[in-house]
Amino acid sequence: MSSTQRLGLPFIASAQAQKHVTHNEALFQLDQLVSCAVESRSLSAPPAAPQAGVGYVLPDTASGEWAGHGDGLAFYLDDAWVFTEPVAGQLVLIKDESALVVRTHTGWQRVSVPIGLAEVLSVGAGGSGLAVGDGLPEEQLHVFGNSIVSSGPSKAASGFYVEEELVSGLSGAFADTVMTIPDRAIVLCVSTRTVGAVSGASSYDCGIAGERSKFGGMLGTSVGSTNAGVIGPQAFYAATPLRLSANGGDFSGGDVRVALHYYRPAVPQT
């Protein structure tokens, strides 16, 4: 074997010349992958002037210098992009979402309820005994940055979540989000805010493939335009991206922040 099985770190061969080159390459990889943090996972092409050391999770539609490396990791080192294939169980902090994602066999999944978070708001049996911190009863109400989750003694849980994504550099007839409505989620609302003036289109719709205005139609293109696309709660049975569709012409620019509001259950763990 010439490298480690999981992370692909290069081994120093017996009697190898210039051992420092192989050693330094492994250190570079560890420096990026251990406690990994990237700028974003919503860019489809490299930024114009990247800073040394920045990283990105690449979408399937990666283009430009990132073409052919979709669904992987890219880091800017020594004035060039270095690409790494993610491994199952890998954790990555997405800075522009303030979110932690984990690599699974189905792709990147957001970690909605971090394990072991210290500040836990808890309600005891019968809805009494409100407490914060240690010494909590078995029935708990967990309050995190983007979620509220109640759990029972066997860790069955009910959670309300909010996930956000900035869809930037709009182009073409439509743009899909990287984030998806999770399997077995019940969606209550998808809200939007135009944060960079949308050009090329006279308005846009927010929905999913096949239902273009499910969460709002004829939405404003000027900065500051918002919409709360509430619906009768609907269950989804497969991971489903959200879609922004252009009206009156194709998108030629613009940035829209999309927020997904949903409920999701978790089955008992024992």
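**Exercise 1.** Decide whether Arg184 is buried, partly exposed or exposed, then find its salt-bridge partner.

*Solution.* Start with the cut-offs: buried means under 20% relative accessible area, exposed over 50%, partly exposed in between (1.4 Å probe, protein chains only). Arg184 has 53% relative accessibility, so it counts as exposed. Next, look for a salt bridge (a side-chain nitrogen of Lys or Arg within 4 Å of a carboxyl oxygen of Asp or Glu). Asp183 is the partner, with the closest N and O atoms 3.5 Å apart. Asp183 itself, at 30%, is partly exposed.

Before going on: this is a predicted model, where local features need pLDDT of at least 70 and side-chain atom pairs 80 or more, while totals for chains, interfaces and linings use all residues. Numbering runs from 1 along each chain as its sequence is written, and side-chain values use heavy atoms, leaving out hydrogens and water.

**Exercise 2.** Work out how exposed each end of the Arg212 salt bridge with Asp205 is.

*Solution.* The closest N and O atoms sit 3.0 Å apart. Arg212, at 37%, is partly exposed. Asp205, at 7%, is buried.

**Exercise 3.** Say which parts the Glu39 and Lys95 pair ties together.

*Solution.* First check the salt bridge: the closest N and O atoms are 3.1 Å apart.

Methods
Helix = DSSP H or I, 4+ residues; strand = E, 2+ residues; numbered from the N terminus.
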